[in-house]
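Reader: I am new to this structure and would like to learn how to read its features. Please take them one at a time, with the general idea before the case.

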Amino acid sequence: MASKVAFVKQEINWFALLPKLLVIGLLCLCFYPIDKRDFLFIALFIFILLTLLARWLFFPNVLYEGIQLIREAKFQEAIPVIQKTIDYYQQKSWIDKYRFWLLISSAKRSITESSICNLGYCYLQIGQVKQAKEIYENVLRQYPENINAKNMLNTINIVSRDTEANMTT
């Protein structure tokens, strides 16, 4: 039975919150002389606007579309959309590298890394186990610490062994 929730969950890199706090602090310093009473609200409002602008500029719509398709369990449809996301961030790797400073993501894993794992998840959900396994192996070559890929490969290997054992008996 297919899950309706994306497999790759994002963990927060707490260090990545420092640029956000730095920007808020700088905005507070800028607006304090102008309005000593409401400077914090103004700074937070401007920060939210900057964050939304950064997401609009640096997050392609296909990123959101792919995640939505996974949530709706439309895995076959999600595959080309997720591939577009991967291609986008591979072409513009600087966005993924500096995502903390661009105020677009505080996730520990890069957007590319998470997208590739989501691609493997989609292939697994539509029954293309060999393709999913290759993707997860590729993830581990590029990102050796990726626990999601390790767990999925272990699961695939266990299920494959069980299936082979059942076929021989």
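Author: Start with the word contact: two residues are in contact when they have heavy atoms within 4.5 Å of each other. The model shown here is predicted. With neighbours within four places in sequence left aside, Pro60 is in contact with Tyr88 and Tyr89.

Reader: Is Pro60 buried or exposed?

Author: A residue is called buried under 20% relative accessible area and exposed over 50%, with partly exposed in between. Pro60 has 14%, so Pro60 is buried. In the chain as a whole, 39% of the 169 residues count as buried.

Reader: What share of contacts in the chain joins residues at least 24 apart?

Author: Taking contacts between residues at least 6 apart in sequence, 59% join residues at least 24 apart.

Reader: How many helices and strands does the chain have?

Author: The secondary structure comes to eight helices and zero strands. Read from the N terminus, the order of elements is α-α-α-α-α-α-α-α.

Reader: How can the length of helix α1 be checked?

Author: Count 1.5 Å for each residue, multiplied by one less than the number of residues. Helix α1 has 15 residues, 17–31, and should therefore span 21 Å; its end C-alpha atoms are 21 Å apart, which agrees.

Reader: Which residues of α1 are buried, and what do they pack against?

Author: The buried ones are Pro19, Lys20, Ile24, Leu27, Cys28 and Phe31. They pack against α2, residues 39–58.

Reader: Which residues make the nonpolar surface patch?

Author: Leu22, Leu26, Leu29, Trp94, Tyr98 and Trp101 make a patch of about 700 Å². Helix α1 supplies the largest share, three residues. Tyr98 belongs to the loop between α5 (93–97) and α6 (111–125). With a relative accessible area of 41%, Tyr98 falls between the two cut-offs and is therefore partly exposed.

Reader: How should I look for disulfides?

Author: A disulfide is a covalent bond between the sulfur atoms of two cysteines. Over the whole structure, zero disulfides are found. Cys30 is in none; its nearest cysteine sulfur belongs to Cys28 and is 9.3 Å away.

Reader: Why is Cys30 called partly exposed, and why is Cys122 called buried?

Author: The relative accessible area of Cys30 is 48%, so Cys30 is partly exposed. For Cys122 the value is 0%, so Cys122 counts as buried.

Reader: What is the idea behind a salt bridge?

Author: Side chains of opposite charge can pair when their charged atoms come close. The cut-off here is a side-chain nitrogen of Lys or Arg within 4 Å of a carboxyl oxygen of Asp or Glu. The count comes to three salt bridges.

Reader: Which residues form the salt bridges?

Author: Here they are, pair by pair. Asp38 meets Arg37 at 3.1 Å, N to O. Glu72 pairs with Lys74, with the closest N and O atoms 3.2 Å apart. Asp96 pairs with Arg99, and there the closest N and O atoms are 3.8 Å apart.

Reader: Are the residues of these pairs buried or exposed?

Author: Asp38 is partly exposed at 22%, while Arg37 is exposed at 69%. Glu72 is partly exposed at 36%, and Lys74 is partly exposed, with a value of 36%. Asp96 is buried at 5%, and Arg99 is buried at 6%.

Reader: What is the phi value of Ala73, and where does Ala73 lie?

Author: Phi of Ala73 is near 60 degrees, a positive value in a residue other than glycine. Ala73 lies in the loop between α3 and α4, the latter being residues 75–91. Its relative accessibility is 27%, so Ala73 counts as partly exposed.

Definitions and conventions: Residues are numbered from 1 along each chain as its sequence is written. This is a predicted model: local features need pLDDT of at least 70, side-chain atom pairs count only at pLDDT 80 or more; totals for chains, interfaces and linings use all residues. Side-chain values use heavy atoms; hydrogens and water are left out. Helices (H or I, at least four residues) and strands (E, at least two) are DSSP runs, numbered from the N terminus. Buried means under 20% relative accessible area, exposed over 50%, partly exposed in between (1.4 Å probe, protein chains only). A disulfide is a pair of cysteine sulfur atoms within 2.5 Å. Patches are made of residues with over 30% relative accessible area and no salt bridge: like charges are joined within 9 Å, nonpolar side chains (Val, Leu, Ile, Met, Phe, Trp, Tyr) within 5 Å. Accessible areas come from the Shrake-Rupley method with a 1.4 Å probe; for residues, only the protein chains shown count as cover.
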